[in-house]
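Here is a friendly walk through one protein model, from its surface to its ring pairs. Please keep the structure open beside the text as you read.

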Amino acid sequence: MNSGDEKFRYEVHSRENDNTNSSILWSYRRAAKIKRRLDTQIQSRADALLSKTVAVNIASDGNSPIAPEMPETMMSQDRKKRLNYQFLRAQVRSSPISGMASSWWDNIFSKIPQQYLISKSLLSHKEMICQEIENIFLSSLQKSMAQYVLLKPDIKLVEGEDPREADI
């Protein structure tokens with residue numbers, strides 16, 4: 001081999017390395033630039049959140065959380081009263097109620113002629129009537145308790161609300 005061939009091979013080899021090195025260098029510089037840009041964005045967002053947190057802590061004095069900022073029109077006073085009334089009414093109606101006293105049943109059965117009470121064919125009807133009387137008694141007692149305990153607010157009905165249900 002003469003020296004000219006070695007020089008040529010060396011030049012070709014060095015150009016290949018040069019292209020590879022410049023490609024690697026270009027990729028490294030690009031990645032470093034992107035990393036700096038991301039670091040800057042993250043730092044600016046962190047600073048903004050820190051200043052917001054400091055402002056919230058100063059405003060709340062650390063004693064109580066700050067109430068969320070909601071528009072006044074989000075829930076009207078009438079709606080608040082109605083929802084509160086409906087909740088209280090449901091609580092009163094779901095309270096436990098004792099059944100009818102046995103003396104009341106005796107009084108009811110004393111008003112029915114004995115021939116109907118003894119008849120076996122009418123026994124199933126008697127049980128249905130007793131169940132119906134018990135249901136009517138419990139529902140009327142719940143309604144009267146709600147009327148006695150709660151004062152109905154003077155508000156208009158919501159669309160779709162049953163007026164009979166609202167009157168209690």
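L38 sits in helix α1, which spans residues 3–60; helices here are DSSP runs of H or I with at least four residues, strands are runs of E with at least two, and both are numbered from the N terminus. With a relative accessibility of 45%, L38 counts as partly exposed (buried means under 20% relative accessible area, exposed over 50%, and partly exposed in between, with a 1.4 Å probe and protein chains only). Together with I34 and I42, L38 makes a nonpolar surface patch of about 270 Å². Patches are made of residues with over 30% relative accessible area and no salt bridge, joining like charges within 9 Å and nonpolar side chains (Val, Leu, Ile, Met, Phe, Trp, Tyr) within 5 Å.

A word on the source: this is a predicted model, in which local features need pLDDT of at least 70 and side-chain atom pairs count only at pLDDT 80 or more, while totals for chains, interfaces and linings use all residues. Residues are numbered from 1 along each chain as its sequence is written, and side-chain values use heavy atoms, leaving out hydrogens and water.

**The chain as a whole**

The protein chain has six helices and zero strands, so to speak an α-α-α-α-α-α order from the N terminus on. Of its 168 residues, 11% count as buried. The chain exposes about 14700 Å², and 57% of that comes from carbon and sulfur atoms; accessible areas come from the Shrake-Rupley method with a 1.4 Å probe, and for residues only the protein chains shown count as cover. Among contacts (heavy atoms within 4.5 Å) between residues at least 6 apart in sequence, 72% join residues at least 24 apart.

The table gives the C-alpha separation for each.

| Pair | Apart along the chain | C-alpha separation |
|---|---|---|
| L88 and L150 | 62 residues | 7.9 Å |
| A90 and Q142 | 52 residues | 9.9 Å |

L88 is partly exposed at 34% relative accessibility, and A90 is partly exposed too, at 40%.

E134 belongs to helix α5, residues 123–149. Leaving aside neighbours within four places in sequence, E134 is in contact with G99, M100 and W105.

**Aromatic pairs**

Rings of Phe, Tyr and Trp (its six-membered ring) pair if their centres lie within 6.5 Å; planes under 30 degrees apart count as stacked, over 60 as edge-to-face and the rest as tilted. By this rule there are two aromatic pairs. W104 and F137 are edge-to-face, at 5.5 Å centre to centre and 75° between the planes. Because W104 lies in helix α3 (residues 102–110) and F137 in helix α5, this pair ties together parts 33 residues apart in sequence. W104 is partly exposed, with a relative accessible area of 44%, whereas F137 is buried at 17%. The rings of W105 and F109 have centres 6.0 Å apart and planes at 25°, so that pair is stacked. Both residues lie in helix α3, four residues apart, about one turn of the helix. W105 is buried, at 16% relative accessibility.

Key: A salt bridge is a side-chain nitrogen of Lys or Arg within 4 Å of a carboxyl oxygen of Asp or Glu.
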